[in-house]
Amino acid sequence: MKKLKINFKDLILFEDDDYMVINKPPFISTLEDRVEAINILTLARDVEPDPQVCHRLDKDTSGVLAIARNPEAYRHLSMQFENREVNKTYHAVADGVHHFENKLMDAAIAKLSDGTVKISREGKPAQTYFTTIKNYKAHTLIKCNPITGRMHQIRIHLTLLKAPITGDETYGGHPFFVSSLKRSFHLKKMTDEQPLMKRMALHAHSLEFALLNGEKVAVEAPYPKDFKALIKQLESNVR
């Protein structure tokens, strides 16, 4: 994959003296890791001396991410996450046609040694609400509201509902190919068709929390190009 060129300031959706809320691009880690030199935390240090990321998004997940500019702001938002006072909304495209209306999945999650998770009574409690936004021919756009913040929570809960996220092959999802919708789709000779999205179709759409002065702020993150392209293809083939 080509090297990412990112100007951190271009990612900012909201900022004040205490917080920066950004639209995280896909394919970049939230925190420092041993593999990639570029991550959100190091990029944030280009504009802020001591930023602290208040929560995490998976590397392949795009969307809204809050960063504290000072220790007091970090503690303030961390307590809101701990007390489940932060409203988080994700959008996911799932394989299959599903009709969810504020459907609660309450299923404990346990981490596995390979970096994935499973549903287990011995795991930590996890709850997510799901509501269908729109049905397509063979996919569904779903609003996901996690109450807890377990690793891979939305992904494994949707798999349990037999609605795995499109492109999430770790948990049973299938890549999306344009040829599955367009019979007239032709490739150049001697080439294999590539999936429209090179990742799972999961986007952190909005985040609502209280600032230090008690004022509530709600920040929405627009879809990135690949998610928009997937929705456009699905819209052209509505049931």
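1. Helices (H or I, at least four residues) and strands (E, at least two) are DSSP runs, numbered from the N terminus. This is a predicted model, in which local features need pLDDT of at least 70 and side-chain atom pairs count only at pLDDT 80 or more, while totals for chains, interfaces and linings use all residues. Residues are numbered from 1 along each chain as its sequence is written, and side-chain values use heavy atoms, with hydrogens and water left out.

2. Overall form. The chain holds five helices and 12 strands. Its radius of gyration is 18 Å, close to the 18 Å that the globule rule gives for 239 residues, so the chain is as compact as a globular protein of that length. Here the radius is taken over C-alpha atoms, and the rule is 2.2 Å times the number of residues to the power 0.38. Along the principal axes, the C-alpha atoms fill a box of roughly 55 × 40 × 35 Å.

3. Burial and surface. Of the 239 residues, 49% are buried. Buried means under 20% relative accessible area, exposed over 50%, and partly exposed in between (1.4 Å probe, protein chains only). The accessible surface of the chain comes to about 13300 Å², and 49% of that area belongs to carbon and sulfur atoms. These areas come from the Shrake-Rupley method with a 1.4 Å probe; for residues, only the protein chains shown count as cover.

4. Contacts and charge. Contact means heavy atoms within 4.5 Å. Among contacts between residues at least 6 apart in sequence, 63% join residues at least 24 apart. The chain carries 35 positive and 30 negative side chains, and the centres of the two sets lie 8 Å apart. Lys and Arg count as positive and Asp and Glu as negative, whereas His and the chain ends are not counted. Each charge is placed at NZ of Lys, CZ of Arg, CG of Asp or CD of Glu.

5. Nonpolar cores. A nonpolar core is a set of buried Ala, Val, Leu, Ile, Met, Phe, Trp, Tyr and Cys residues joined through side-chain atoms within 4.5 Å. The largest one has 57 residues, and Phe8, Phe130, Leu158 and Phe209 have the most contacts inside it. Strand β4 (residues 62-68) provides the largest share of this core, five residues. A second, separate core of five residues includes Ile109, Ala126, Ile156 and Tyr171. Leaving aside residues up to four places away in sequence, Phe209 touches Tyr19, Val21, Leu77, Gln80, Val86, Glu215, Lys216 and Val217.

6. Helix α4. This helix (residues 153-160) is mostly covered, with six of its eight residues buried. The buried residues include Ile156 and Leu158, together with Gln153, Ile154, Arg155 and His157. Just after α4, Lys162 takes a positive phi of about 60 degrees, although Lys162 is not a glycine. Lys162 belongs to the loop between α4 and β11 (202-210) and counts as exposed at 67% relative accessibility.

7. Residues around Val93. His139 lies in strand β10 (residues 139-146) and is buried, with a relative accessible area of 10%. Beyond residues up to four places away in sequence, His139 touches several residues, among them Val93, Asp95, Lys134, Thr166, Phe176 and Leu234. Leu230, in helix α5 (residues 225-235), is buried at 1% relative accessibility. The C-alpha atoms of Leu230 and Val93 are separated by 8.8 Å, although the two residues are 137 apart along the chain.

8. Two loop glutamates. Glu122, in the loop between β8 (117-119) and β9 (127-135), is exposed with a relative accessible area of 71%. The C-alpha atoms of Glu122 and Ala108, 14 residues apart along the chain, are separated by 7.3 Å.
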